[in-house]
Amino acid sequence: MTTREFVDAGLQLPLMEAFYTIQGEGKFTGHPAYFIRLGGCDVGCVWCDVKESWEAGKWPIVSIEEIVAGALAHPGRLVVITGGEPLMYNLDPLTKLLKEKGFTTNIETSGAHPFSGDFDWVCFSPKKFKKPHPSIYEQADELKVVIFHDSDFKFAEEHAQSVRSSCELRLQPEWSKADIFTPKLIDYVKSHPSWKVSLQTHKFMDIP
Ligand code: SF4
């Protein structure tokens with residue numbers, strides 16, 4: 001098989017970085033977690049804080065066995081697959097192997113590509129810059145909308161209409177505009193109690 005065929009099969013993936021830290025956002029805030037950041041994203045958020053991830057070809061192609069071995073080197077058994085946009089790849093083989101090794105699997109995705117993988121928790125963070133693929137709505141356990149502009153509240157409500165009733169709803173101020181939007185978000189959640197506030201607590205802890 002060629003490298004391209006291995007990547008298409010999800011047996012090898014472009015790995016930007018992988019690191020053991022504390023999950024700072026969303027449902028698993030505060031939990032130790034091994035982050036697997038895959039390279040490649042075609043969503044193009046203007047405020048993206050990992051723009052260096054966008055070009056998949058910049059990152060080494062790594063076998064899923066090697067990726068999982070990296071995770072096994074740490075005591076925590078929670079893995080978060082992120083990017084870039086991780087659903088650009090077939091995540092079935094990687095998540096199957098992670099689960100065989102006893103990991104709880106989480107994903108953070110914009111949902112812009114067809115869903116794949118076996119995940120215990122799916123954090124769906126839709127972006128205005130590329131429409132989500134319909135397959136994400138049945139999978140999302142958590143809808144996390146980043147608030148960067150006043151119109152993002154309406155965008156959040158539109159997506160909340162399409163997820164399952166069990167999906168947890170979170171609003172998160174974009175970091176560079178947190179001074180402006182955190183107070184607005186607090187008021188919004190107080191008057192729209194189906195939502196919760198999500199903060200990027202890892203930034204306060206100064207960890208990745
Ligand atoms: S989806 Fe994520 S990685 Fe891609 S541009 Fe947006 S914030 Fe950046």
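Of the 208 residues of this protein, 39% count as buried. The structure is a predicted model. Its secondary structure consists of six helices and nine strands. The radius of gyration is 17 Å, close to the 17 Å given by the globule rule for 208 residues, so the protein is as compact as a globular protein of that length.

**Overall fold**
- Taken along the principal axes, the C-alpha atoms of the protein fill a box of roughly 55 × 35 × 30 Å.
- Among contacts between residues at least 6 apart in sequence, 64% join residues at least 24 apart.

**Annotated domain**
- An unreviewed UniProt entry lists residues 28-208 as "domain: Radical SAM core".
- This span is 25% helix and 22% strand, and its end C-alpha atoms lie 15 Å apart.

**Surroundings of the ligand**
- The residues around the ligand are C41, V43, G44, C45, C48, V50, S53, G83, G84, E85, S110 and K127.
- By class, this shell has five nonpolar, five polar and two charged residues.

**Annotated binding site**
- The unreviewed UniProt entry lists C41, C45 and C48 under "binding site".
- C41 is found in the loop between β2 (32-38) and β3 (61-63), and C48 is found in the loop between β2 and β3.
- C41 counts as buried because it has 24 C-beta neighbours inside 10 Å, and the cut-off for a buried residue is 20 or more.
- C48 is partly exposed, because 15 other C-beta atoms lie within 10 Å.
- Leaving aside neighbours within four places in sequence, C41 is in contact with S53, W54, G83, G84 and E85.

Key:
Residues are numbered from 1 along each chain as its sequence is written. This is a predicted model: local features need pLDDT of at least 70, side-chain atom pairs count only at pLDDT 80 or more; totals for chains, interfaces and linings use all residues. A residue is near a molecule or strand if its C-beta atom, placed from the backbone, lies within 6 Å of it. Ala, Val, Leu, Ile, Met, Phe, Trp, Tyr, Cys and Pro count as nonpolar, Asp, Glu, Lys and Arg as charged, and the others, Gly among them, as polar. UniProt positions are given in the numbering used here, feature names are shortened, and annotations may be inferred rather than shown by experiment. Helices (H or I, at least four residues) and strands (E, at least two) are DSSP runs, numbered from the N terminus. The radius of gyration is taken over C-alpha atoms; the globule rule is 2.2 Å times the number of residues to the power 0.38. A residue is buried if 20 or more other C-beta atoms lie within 10 Å of its own, exposed if 12 or fewer, and partly exposed in between; C-beta atoms are placed from the backbone. Two residues are in contact if their C-beta atoms, placed from the backbone, lie within 7 Å.
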